Amino acid sequence: ELPVKLKKTKVRNRYFNYFVFEMDGRFAMTARISKDIWNGLYDFPLYESEKMESIETVINNYNIDHSNAIIEDVSKTHKHILSHQRIYAQFIRIGIKSNSDQNEKEFFTIDEMKQLPKPVLVNNYLNEYIF
């Protein structure tokens, strides 16, 4: 008998806009606790959009305090393929002057970040731009 071809899982596109907040050489990272991908791993604060959007739109939708933040760099778009998802991610590096509006975020040194469990996508960005 030949194997029966099962119904193919639909692959969906996701658009991740990561905010790489940096303050005094430390970076904000959070543990993913939702029932989504990468549960328990650390990544940067995230704004997920329905499509690729301009940096201005992404920043306005995330409510960045412009008086306390400076956009330092925007990465190229990284494509990460999972079995049922295609993730298009861009990393927006933002310098924070003070922690006044970022109280819910935990900041880590580079050495501490190296020890955290991270998704391959985030680790690749860190190796290319930060470490």
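How many of the 131 residues in the protein chain are buried, as a percentage? Buried residues make up 42% of them, where buried means under 20% relative accessible area, exposed over 50% and partly exposed in between, with a 1.4 Å probe and protein chains only. Here are my notes, point by point.

1. First, the ground rules. This is a predicted model, in which local features need pLDDT of at least 70 and side-chain atom pairs count only at pLDDT 80 or more, while totals for chains, interfaces and linings use all residues. Residues are numbered from 1 along each chain as its sequence is written, and side-chain values use heavy atoms, with hydrogens and water left out.

2. Now the overall layout. The protein chain has three helices and eight strands, taken as DSSP runs numbered from the N terminus (helices: H or I, at least four residues; strands: E, at least two). Starting at the N terminus, the order is β-β-β-β-α-β-β-β-β-α-α. Of the contacts with a separation of 6 or more, 69% join residues 24 or more positions apart; a contact means heavy atoms within 4.5 Å.

3. The chain carries 18 positive and 18 negative charges, and their mean positions lie 11 Å apart. Lys and Arg count as positive and Asp and Glu as negative, without His or the chain ends; each charge is placed at NZ of Lys, CZ of Arg, CG of Asp or CD of Glu.

4. The largest nonpolar core holds 19 residues, and Tyr 18, Phe 44 and Phe 91 have the most contacts inside it. Such a core is a set of buried Ala, Val, Leu, Ile, Met, Phe, Trp, Tyr and Cys residues joined through side-chain atoms within 4.5 Å. At least two residues of this core come from each of β1 (12-23), β2 (26-31), β7 (85-96) and α3 (120-130), with α3 giving the most, five residues. A second, separate core has 14 residues, including Phe 19, Ala 28, Ile 59 and Ile 94.

5. Leaving aside residues up to four places away in sequence, its contacts include Tyr 18, Phe 44, Leu 121 and Tyr 125.

6. Helix α1 (residues 55-62) has three named buried residues: Ile 55, Val 58 and Ile 59. Seen down the axis of α1, they fall within an arc of 95°, so they line one face of the helix; the arc is that of the directions from the helix axis to the C-beta atoms. These buried residues pack against β1, β4 (46-49), β5 and β7. Glu 56 and Asn 60 are exposed on the other side of α1.

7. Ile 70 sits in strand β5 (residues 69-74) and is partly exposed, at 46% relative accessible area. Beyond residues up to four places away in sequence, Ile 70 touches Arg 93, Ile 94, Gly 95 and Lys 97.

8. Two backbone angles deserve a check. Most residues other than glycine have a negative phi. Asp 24, in the loop between β1 and β2, has a positive phi of about 55° and is exposed at 71% relative accessibility. Asn 63, in the loop between α1 and β5, has a positive phi near 60° and is exposed at 64%.
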